Amino acid sequence: MNAFAEVMDFTRQTEALAQVSGRLGWDQQTVMPRGANAQRSEEMAALEAVLHARRTDPKLGDLLDAAEPPDEAGAAQLRELRRGFARNTRVPARLAAELARITPLSQTAWEEARAAGDVAAFLPWLSQMIALRREEGEAIADGGDPYDALMADYEPETDAASVAAIFDQMRPRLVALRDAVLGADTPPALTGTFDRDGQLRLARKLAERFGYDMGRGRIDLAVHPFSSGSGDDVRITTRVAENDPFNCLYSTLHEVGHGAYEQGVDPAYRLTPIGRGASMGVHESQSRIYENQLGRSRAFCHWLHGEMLAEFGPLNVADADGFYAAANRVTRGYIRTEADEVQYNLHIMLRFDLERGLIDGKLRPDDLEEAWNTRFEADFGIPVDRPANGVLQDVHWSVGLFGYFPTYALGNLYAGCLHQALRADILDLDAQLGAGDLKAATGWLREKLQVHGALRNPRDTIEAACGAAPVAAPLLDYLDAKFGALYRL
Ligand code: ZN
């Protein structure tokens with residue numbers, strides 16, 4: 001067997017084990033008995049040790065040195081494998097073990113601190129986590145910038161400087177739009193009680209309309225919706241709030257975007273390094289375009305309004321346009337995950353600036369809460385009332401996810417580019433959306449982007465699908481047009 005075939009053989013088994021590990025994580029957040037927590041940690045740690053040993057095996061390094069790619073896909077496999085091998089072998093085993101040990105403890109400390117509103121109780125954990133991740137970033141960067149190295153785990157081949165430049169471009173237009181919208185009349189929200197089973201029935205119908213294959217997937221309930229798995233076993237979760245059906249429906253569409261992406265990758269890439277989404281940012285572009293540009297469009301909301309009437313009877317909004325306005329309300333709020341399309345990216349910019357300060361040491365953990373509160377009031381015009389609505393609202397930093405937040409905003413930006421290109425190719429898109437028909441739109445995304453998995457780096461993945469390099473203008477133009485019309489600006 002030649003070196004390339006041997007690498008791929010070895011890698012398929014590693015990827016298969018990684019899928020098993022992911023499914024244990026899914027199980028833990030959905031159906032695992034509460035009493036199994038400690039045992040599950042041990043099971044996952046044991047599997048993680050096997051995975052780490054395989055990913056840093058010197059034999060793999062020798063094979064990667066010798067392997068020659070047979071074709072373009074083979075070259076992409078080697079690119080991903082070499083990047084992963086270099087990264088994993090640079091992190092000392094002691095550091096990897098310490099991060100694995102600290103992470104669940106730090107997450108529990110964050111949960112307790114958030115519930116108690118006690119930032120000080122979380123700070124020792126946060127400080128430890130920052131120190132460990134900074135050390136890891138320095139090890140991976142090998143003389144380069146630690147924050148860039150951490151970000152590359154989620155969004156390869158980009159850096160903080162270029163993300164900062166994009167954000168600087170986006171901010172003035174987003175702030176101007178947000179201020180104009182908040183100065184206009186706010187449309188009524190959807191109110192009432194919406195039967196749980198009815199919401200789940202409709203969520204399932206939406207998932208199927210958007211091309212999520214229930215034969216290779218399933219939908220379960222979880223406190224924080226997520227998707228997991230790839231290939232022929234891709235699972236998503238949703239949640240139900242009886243007074244807010246948009247929560248269930250749009251959480252579902254968001255996760256369907258992630259899940260459909262994984263289901264849509266070329267089966268030839270199954271259980272290989274390119275048999276998955278190109279990056280977290282590209283992943284988020286799929287969840288966002290399903291949820292927002294398609295799912296919250298006027299045409300689709302008109303169709304959904306009819307479905308809601310059929311499922312729940314009369315609603316408190318006047319008509320289909322009132323329903324569309326309710327699904328796209330912009331109000332002042334503290335919480336990133338509940339933010340509308342206009343304000344979402346401003347939440348990300350705040351976190352991006354603060355976490356870069358934490359990693360490079362210019363912002364001390366002791367000063368984080370004050371820095372957050374000052375910045376939040378300057379950016380959003382309201383003072384933070386309690387830590388759960390401020391610095392303690394997100395899980396990310398407690399589990400060491402530094403460099404992850406910007407991928408959400410990049411995903412929105414990519415979604416803007418894809419939406420523009422999709423509309424240029426499908427001229428009667430609104431007529432289709434108005435009939436609840438997503439086949440052409442999701443088929444376009446599958447053919448142009450999803451099927452290729454991680455064949456190309458994130459930027460090139462978007463460029464290949466859109467015919468132009470990703471920039472912020474399409475997203476900003478879309479937001480101005482949509483919310484300008486909705487709020488009669
Ligand atoms: Zn997402």
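This is a predicted model: local features need pLDDT of at least 70, side-chain atom pairs count only at pLDDT 80 or more; totals for chains, interfaces and linings use all residues.
Residues are numbered from 1 along each chain as its sequence is written, and side-chain values use heavy atoms, with hydrogens and water left out.

Helices (H or I, at least four residues) and strands (E, at least two) are DSSP runs numbered from the N terminus. Axes are lines fitted to C-alpha atoms, for helices over the stretch in contact, and angles run from 0 to 180 degrees between N-to-C directions. On the helix 12 side, R298, C301, H302, L304, H305 and M308 meet A320, D321, F323, Y324 and A327 of helix 13, contact meaning heavy atoms within 4.5 Å. This contact has seven nonpolar, two polar and two charged residues. Here Ala, Val, Leu, Ile, Met, Phe, Trp, Tyr, Cys and Pro count as nonpolar, Asp, Glu, Lys and Arg as charged, and the others, Gly among them, as polar.

H254 (NE2), H258 (NE2) and E284 (OE) coordinate the zinc ion at 2.1 to 2.3 Å. Donors are N, O and S atoms within 2.8 Å of the metal (3.2 Å for Na, K and Ca); water is not among the atoms, so sites may look incomplete. Along the chain, the donors follow the spacing H-x3-H-x25-E. H258 belongs to helix 10 and E284 to helix 11, so this pair ties together parts 26 residues apart in sequence.

Helix 10 (residues 245-264) also lies across strand 1, strand 2 and strand 3, at about 170° to strand 3. These strands form an open sheet in the order 1-3-2, with mixed pairing; two strands pair if DSSP finds at least two bridges between them. Strand 1 (217-221) and strand 2 (227-228) each have a single partner strand and stand at the edges, so one side of each lacks a neighbour in the sheet. Strand 2 runs antiparallel to strand 3 (residues 234-238), joined by two bridges. S228 has R235 in strand 3 as its bridge partner.

Helix 11 (residues 280-294) in turn meets helix 18 (residues 439-448): their axes come within 12 Å and cross at roughly 155°. That makes the two helices roughly antiparallel. The residues in contact are Q286, I289, Y290 and L294 of helix 11 with A441, T442 and L445 of helix 18. By class, five are nonpolar, two polar and none charged.

Note on methods
Angles under 35 degrees count as roughly parallel, over 145 as roughly antiparallel, 65 to 115 as roughly perpendicular and the rest as oblique.
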